[in-house]
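Student: Could you walk me through this structure, one feature at a time? I would like to learn how to read each of them.

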Amino acid sequence: MDARLLEKLNGFLSLQKKLRDATDPQQIGRILCTDSQSLLAFDACLFFSGSQLQLAAASNVSTVDPTSSEAQRWRGKIRRHFAEARKQPPLQVPLDTANDASSESASGDVDRTLVLLPLTKNNGDVLGCLALLRARLLTPQEQEIFREIGATLCHALLAQRGQKQGHWKRWFGRRPLIVAAAIAAFCVIPVRQSVLAPATLAAIEPRIVSARTDGVIRTIHIPANAAVRSGDPLFTLEDAEVLAEVDRVQQELALYSERLRMTRQYNFQQASAGHKLAEAETDLSIRTLELAFQQAQLDKTRVRAPATGVAIYTDRAEWIGRRVRAGEKVMEIVQPDARQIQIDLPTRDAIQLPQNARVMFYAESDPLAPIEGRLHYHSLLTSEGEQLPASYRLLAHIQQDRPQIQLNTRGHARVYGARVPLIYYLLRRPLASARRWVGI
């Protein structure tokens with residue numbers, strides 16, 4: 001064998017060994033640009049990495065800056081001819097036509113040849129590009145050597161990627177039973193089921209104050225959220241019509257009392273006038289009853305507090321002058337310290353809840369100060385509001401109250417249920433949706 005050919009073969013095998021021992025793509029590029037000088041005579045060798053063709057290594061240079069002007073100039077040349085080079089690798093382009101004449105003259109690259117060899121995977125993905133700067137064109141034998149060098153470089157780059165991406169795949173592929181057992185054990189880990197639902201900090205058994213008769217509210221005697229005692233006046237309905245009736249009945253009562261007195265005197269003078277005395281007494285009794293009725297009606301227009309507590313209603317201006325019907329709610333009397341968590345749990349989120357389930361209430365006004373409670377009531381009937389879906393009503397006692405959070409504050413409550421396997425916790429909703437969609 002020719003000594004020169006044997007020397008090139010040894011150099012090629014040495015290059016392959018060094019590429020196999022390289023630890024990263026940058027080291028691969030540096031080895032290739034430096035050690036391939038003995039196989040292909042060139043003035044400069046450049047390695048561009050990735051699909052964006054960033055300069056990663058150059059011959060006789062320890063480190064390169066891909067953002068430098070020189071690197072960007074060569075990158076531009078490579079990108080300009082890269083598509084053509086993929087059709088006919090390696091592509092040899094005279095530098096006097098590869099760029100404008102002025103820039104070539106300034107850099108001293110005139111009358112030299114740029115050789116491009118794209119590096120691609122079997123599926124067409126771009127790994128990079130190898131470029132040579134020579135004084136003459138490659139011979140057919142040198143082109144074949146250049147292709148082999150490019151194939152070796154591709155193999156080394158893919159081996160590096162495989163070491164990073166395929167490590168776990170190989171590990172899992174060799175131990176399928178262990179992996180299956182680990183996944184099964186992970187799926188049956190018991191976790192506590194929970195659900196989030198809208199909630200309100202509500203009063204316990206508030207006393208409803210309603211109108212006792214039909215009428216128009218004339219006066220509200222207390223401001224909103226004021227403390228009241230039992231028997232304090234709360235509001236008064238318009239009573240002018242009732243007062244007129246009381247005044248009329250009182251005058252009639254005086255008139256009929258006088259008539260009774262005169263009838264009794266006349267009865268002493270004439271015995272046949274006895275039936276007139278009975279008639280006068282009857283009329284007086286009717287007027288007396290009518291006066292009691294009107295006074296009762298007058299008393300109904302004045303509403304008083306049924307218990308001691310705090311009177312809650314929306315706004316005084318909203319109620320004054322408003323017509324209300326008998327039994328219509330106007331305000332509530334609540335105890336400030338008697339509060340509970342009222343939860344509206346949508347039926348689609350319903351889960352199995354144990355006795356005294358734990359509840360955490362997060363107020364919208366202070367979400368960082370949760371209130372802890374225990375569930376004590378779960379309705380079996382559902383209610384549906386204008387903006388709420390069909391929901392169950394849940395009530396929870398408060399264990400650790402926070403007085404700074406006001407009554408009737410809205411928020412969300414997290415209700416904790418029983419422990420279930422992790423796989424059921426993760427797939428409960430998807431399974432329910434899939435079942436509804438499939439119709440089984």
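Student: Where is the place of Leu353?

Tutor: Helices (H or I, at least four residues) and strands (E, at least two) are DSSP runs, numbered from the N terminus. Leu353 sits in the loop between β15 and β16 (358-363). Before we go on, a word on the source: this is a predicted model, in which local features need pLDDT of at least 70 and side-chain atom pairs count only at pLDDT 80 or more, while totals for chains, interfaces and linings use all residues. Residues are numbered from 1 along each chain as its sequence is written, and side-chain values use heavy atoms, with hydrogens and water left out.

Student: Is Leu353 buried or exposed?

Tutor: The general idea is relative accessible area: buried means under 20%, exposed over 50%, and partly exposed in between (1.4 Å probe, protein chains only). Leu353 has 19% relative accessibility, so Leu353 counts as buried.

Student: Which residues does Leu353 touch?

Tutor: Contact means heavy atoms within 4.5 Å. Not counting residues up to four places away in sequence, Leu353 touches Leu375, His378, Leu394, Val415, Tyr416 and Gly417. From Leu353 to Ala418 there are 65 residues in sequence, and 6.4 Å in space, C-alpha to C-alpha.

Student: What order do the strands of the barrel take?

Tutor: For pairing, the rule is that DSSP finds at least two bridges between two strands. Here six strands close into a barrel, in the order β6-β15-β18-β17-β16-β19, with antiparallel pairing. Neighbouring strands of this sheet are turned by 40° against each other on average, direction ignored; axes are lines fitted to C-alpha atoms, for helices over the stretch in contact, and angles run from 0 to 180 degrees between N-to-C directions. Ala199 has Gly411 of β19 opposite.

Student: And where is the place of Asp344?

Tutor: Asp344 belongs to strand β15 (residues 339-346). Its relative accessibility is 14%, so Asp344 counts as buried. For its partner, look for a polar contact, a pair of N or O atoms within 3.5 Å; within protein, one must be able to donate a hydrogen and the other to accept it, and residues adjacent in sequence count only if both atoms are side-chain atoms. The side chains of Asp344 and Arg393 are joined by such a contact, at 2.8 Å. Leaving aside neighbours within four places in sequence, Asp344 is in contact with residues including Ala197, Pro198 and Tyr392.

Student: How do I read an open sheet? Which strands stand at the edges?

Tutor: Follow the order of the strands, which here is β11-β10-β8-β13, an open sheet of four with antiparallel pairing. β11 and β13 stand at the edges, each with a single partner strand, so one side of each has no neighbour in the sheet. Between β8 (residues 215-220) and β13 (residues 323-324) there are two bridges, and Val216 stands opposite Arg323 in β13. Three bridges pair β8 with β10 (residues 233-237) in the antiparallel sense, where Ile217 has Leu237 as its bridge partner.

Student: How many residues of β5 are buried?

Tutor: Strand β5 (residues 126-134) is mostly covered, with nine of its nine residues buried. Six antiparallel bridges pair β5 with β1 (residues 44-49), and the partner of Leu46 in β5 is Ala131. With β4 (residues 113-120), β5 pairs over eight bridges, again antiparallel. The hairpin of β4 and β5 has five residues between the strands, and Gly124 takes a positive phi near 95° there.

Student: Let us turn to a helix. Where is the kink in α3 centred?

Tutor: The bend at a residue is the angle between axes fitted to the seven residues ending there and the seven starting there. In α3 the kink is about 50°, centred on His81. For length, the expected span is 1.5 Å times one less than the number of residues. Helix α3 (residues 69-87) has 19 residues and reaches 29 Å from its first C-alpha to its last, close to the 27 Å expected. His81 is also buried, and other buried residues of α3 include Trp74, Ile78 and Phe82.
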